[in-house]
Amino acid sequence: MRLALCSGPPGQRRRAAVVTNVAAPPSKPQTYANGKVVKVAPSHIRNFSIIAHIDHGKSTLADQLLIKTDTVENRDMQAQYLDGMDLERERGITIKLNTARMKYVAKDGETYALNLIDTPGHVDFSYEVSRSLAACEGCLLVVDASQGVEAQTLANVYLALANDLEIIPVLNKIDLPGAEPDRVKREIEEVIGLDCSNAIYASAKKGLGIAEILEAVVERVPAPADNRGKPLRALIFDSYYDAYKGVVVQFRVTDGELHKGDLVKFMNTGCEYDIVELGVLNPKPVEVDALYAGEVGYLAASIKQVADARVGDTITLKKRPAEEALPGYTEVQPMVFCGLFPTDADQYTELREALLKLQLNDAALRFEPEVSSAMGFGFRCGFLGLLHMEIVQERLEREYDLDLITTAPTVVFKAVATDGTETVVDCPSKLPPGNRLASISEPYVRLEVITPKEYVGSIMELAQQRRGEYVDMQFLTETRTTLVYNMPLAEVVTDFFDALKSRSRGYASMEYAITGYRENDLVLLDIKINGEMVEPLAAIIHRDNAYYVGKALVKRLKELIPRQQFRVPIQAAIGARVVASESIPALRKDVLAKCYGGDISRKKKLLKKQAAGKKRMKSLGRVDVPQEAFMAVLQINRESSPDE
Ligand SMILES: Nc1nc2c(ncn2[C@@H]2O[C@H](COP(=O)(O)OP(=O)(O)OP(=O)(O)O)[C@@H](O)[C@H]2O)c(=O)[nH]1
């Protein structure tokens with residue numbers, strides 16, 4: 001497959017159009033970067049982003065660009081500077097898109113403002129990538145020269161193409177002994193169809209090729225169109241909550257200009273606010289007096305209501321409003337749901353506030369109140385995948401100091417009742433009762449795996465175990481293969497990625513897209529502990545797996561639930577039929593310890609008394625289920641793969 005990506009000298013076509021449009025420089029010079037006054041006309045602005053497969057070196061390259069342009073002093077530099085969250089640094093991954101404005105004096109002697117938007121690479125966060133790409137005119141496509149094209153390389157290139165961006169290929173990690181930049185260059189040309197004749201060889205770690213990259217950004221990324229004369233239109237691509245400033249909104253100005261003190265209107269919500277602070281991220285906030293078409297910046301306007309300034313909304317001026325809002329972003333649909341409950345019931349309101357604030361910073365997060373007899377009041381939350389879920393949970397615990405219990409994640413099923421009504425089931429308890437249930441459908445994905453050919457057999461076996469249906473296999477290059485499967489999402493979002501990595505020694509990569517719903521023989525597996533149904537442990541699974549999963553689950557729960565003073569039976573059931581059961585033996589106090597010698601009837605009496613006490617405790621006793629038990633369902637899948 002070849003796509004006509006780089007027809008003609010990159011960047012020039014669109015840049016030529018811009019040059020003829022260049023109007024007078026901004027009426028008022030503005031301050032940014034180390035307090036220096038710099039005039040920025042659109043012809044001297046470059047908005048670009050870095051896209052890559054996970055771990056190919058985006059954040060390290062961003063660090064180098066910041067150092068090379070003196071945006072961040074070397075002594076202040078810490079690895080992955082733009083990954084501001086502790087969580088991002090600890091895990092070594094980018095979660096949020098991050099922006100930085102750099103001042104760069106190019107070889108032509110001119111000073112340029114380069115707006116860099118760093119993006120995450122993991123499949124769960126691809127919606128962040130698409131948002132940042134919409135704010136750019138070009139991007140650096142970073143490919144690890146020791147690995148080559150991977151699944152997210154392809155997915156991100158398609159996103160860049162959809163946004164009509166200029167793509168500059170960068171072959172990173174050429175310092176590695178195993179690097180084969182020439183081979184990988186050919187691979188990019190063959191697989192993606194991208195002209196790599198002027199690809200840049202770089203090592204973000206050693207600082208090689210950085211000057212060439214900066215020059216290429218200036219030369220090849222088109223300048224933004226000069227729309228300064230038009231009524232203001234600025235697209236919000238991100239926002240976050242600041243305890244002092246209220247909601248801080250990040251945006252890209254497409255048309256017109258805005259100044260500190262202006263009365264702005266959010267076109268979709270209709271809310272109006274006076275701008276209190278206007279600035280650019282450098283990458284720390286630096287205040288400016290005005291921002292013009294083509295620029296990227298932030299504003300604070302004492303916005304208290306999180307819902308007033310939504311990502312995707314258009315900002316305009318009250319006194320000279322634009323007629324039409326910019327097309328926003330397509331809403332992302334969360335595919336994985338789980339219950340979040342505070343361990344301490346008093347923290348319910350705090351959890352709601354925290355979720356509201358987090359949602360502002362994370363457009364894909366959904367939540368609605370949920371009440372469960374076992375867990376009390378909490379929220380049913382929707383995520384894009386398991387990593388996303390883990391990250392949100394960890395952010396809530398760290399940034400908002402909450403103690404949470406998470407229930408096992410589930411995908412969104414659709415159930416049809418006997419009377420024909422359809423229910424969206426994002427929680428097993430929403431399933432209509434068995435006698436009224438006609439059918440259940442589950443979401444399917446088209447899964448693409450790129451792997452070195454020696455792992456093909458083992459990966460096919462894994463895909464089959466996970467109810468995958470083979471669609472296609474193609475040789476990408478001589479040594480690497482693409483495998484395509486149709487697979488239920490429920491099988492992909494659990495631990496499929498981990499299993500794939502372990503079977504391919506980390507070399508395979510994957511990407512998936514939802515294709516639709518399909519009816520399957522799915523059943524509700526209930527779990528009873530001490531005779532009581534524990535709703536949060538219930539799961540909707542395929543009938544063929546129900547017996548096995550039920551058996552493995554009760555066994556695992558037996559290990560996880562602490563012993564009580566009484567015997568605790570654990571059962572897995574489909575409807576009224578118990579498919580597996582185990583029991584946790586009671587803790588036994590030696591009531592005969594003090595009874596030296598003594599006669600047998602005295603001992604019998606003591607034992608009888610103990611048995612009666614336990615019986616009473618059993619009927620009244622509450623079994624506290626530990627957090628790990630709610631995740632036990634996930635571990636079952638892992639255990640089901642024979643090689644693990
Ligand atoms: N040898 C070598 N290692 C590099 C180079 N660039 C990055 N790395 C290493 O590769 C790993 C991943 O780099 P990151 O910059 O975190 O990758 P990323 O693409 O930003 O990853 P995500 O943000 O998680 O998508 C880190 O351990 C880096 O030190 C390079 O040029 N040479």
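Predicted model: local features only at pLDDT ≥ 70, side-chain atom pairs only at ≥ 80, totals over all residues.
Strand β17, which spans residues 296-300, is mostly covered, five of its five residues being buried. The side chains are divided between two directions, with Val-296, Tyr-298 and Ala-300 pointing one way from the strand and Gly-297 and Leu-299 pointing the other way, and residues in both sets are buried. Strand β10, made up of residues 246-255, runs antiparallel to β17 and is joined to it by five bridges; within this pairing, Phe-251 has Gly-297 of β17 as its bridge partner. Strand β14, comprising residues 277-281, is likewise antiparallel to β17, and here the two strands are joined by three bridges.

Turning to the helices, α10 (residues 456-465) packs with α12 (residues 496-503) at an angle of about 160°, and their axes lie 10 Å apart. Because angles over 145 degrees count as roughly antiparallel, α10 is described as roughly antiparallel to α12. The crossing of the two helices, α10 and α12, is right-handed. On the α10 side the contact is made by Ser-458, Ile-459 and Leu-462, while α12 contributes Ala-499, Leu-500 and Arg-503. Classified by residue type, the contact of α10 with α12 consists of four nonpolar residues, one polar residue and one charged residue.

Key: Residues numbered from 1 in each chain as written. Axes fitted to C-alpha atoms, helices over the stretch in contact; angles between N-to-C directions. Helix = DSSP H or I, 4+ residues; strand = E, 2+ residues; numbered from the N terminus. Parallel < 35°, antiparallel > 145°, perpendicular 65-115°, else oblique. Left-handed = near helix turned anticlockwise from the far one by under 90°. Contact = placed C-beta atoms within 7 Å. Nonpolar A, V, L, I, M, F, W, Y, C, P; charged D, E, K, R; others polar. Buried ≥ 20, exposed ≤ 12 C-beta atoms within 10 Å, placed from the backbone. Pairing = 2+ DSSP bridges.
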